[in-house]
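Please follow this explanation with the sequence and the model side by side. The paragraphs begin with a loop and then turn to the strands.

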Amino acid sequence: MTDIKLNHLAIVVDDMEAALRFWRESLGLAQAGEIESVPAEDVDIAFLTLGEAHIEIVQPTSDVSGVAKYLAKRGPGMHHLCLEVADLDVKLEALSARGYELINETPRERDGRRYAFIHPRSAGGVLLELYETAQADSRMDGK
């Protein structure tokens, strides 16, 4: 059995409030915490609880960010899949050794959470984010 599990699915939107209304009011999902600004990524994010996983709503806050470019090119919709791993450094080293393209060769950190992205060219067209389990386990507790 693998130690990897789903953490969240991310959806990019151009209207955070409209997206949250849909997911909360129409489907009854609870919002996990407040909308958070992430200046390093030029986005605002909000998480909705879906069983043991989450849906992350992502809205760009600048026209030049990677997420803004993605939104302009592809429109609103599915952005990335995030999986939890026990040891991010080991997983990135193993992926790199196998020739997979990493967007982040060194993990980034935000709010005590370590994460890195794998390029869609290496993941069947899916932008893949990896979270380290120790930090990911404590991150969605309604803070």
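D42 lies in the loop between β2 and β3; helices (H or I, at least four residues) and strands (E, at least two) are DSSP runs, numbered from the N terminus. The model is a predicted one, in which local features need pLDDT of at least 70 and side-chain atom pairs count only at pLDDT 80 or more, while totals for chains, interfaces and linings use all residues. Residues are numbered from 1 along each chain as its sequence is written, and side-chain values use heavy atoms, with hydrogens and water left out.

Although D42 is not a glycine, its phi is positive, at about 55 degrees. Most residues other than glycine have a negative phi. D42 is partly exposed, with a relative accessible area of 26%; buried means under 20%, exposed over 50%, and partly exposed in between (1.4 Å probe, protein chains only).

E41 belongs to the loop between β2 (36-38) and β3 (43-50), and is partly exposed at 25% relative accessible area. Leaving aside residues up to four places away in sequence, E41 touches S65, R108 and Y115, where contact means heavy atoms within 4.5 Å. The side chains of E41 and R108 are joined by a polar contact of 2.8 Å. Such a contact is a pair of N or O atoms within 3.5 Å; within protein, one must be able to donate a hydrogen and the other to accept it, and residues adjacent in sequence count only if both atoms are side-chain atoms.

Turning to the strands, β1 (residues 5-12) pairs with β5 (residues 77-85) in the antiparallel sense over seven bridges; pairing requires that DSSP finds at least two bridges between two strands. Here K5 stands opposite E84 in β5. Strand β5 is also joined by five bridges to β8 (residues 128-132), and these two run parallel.
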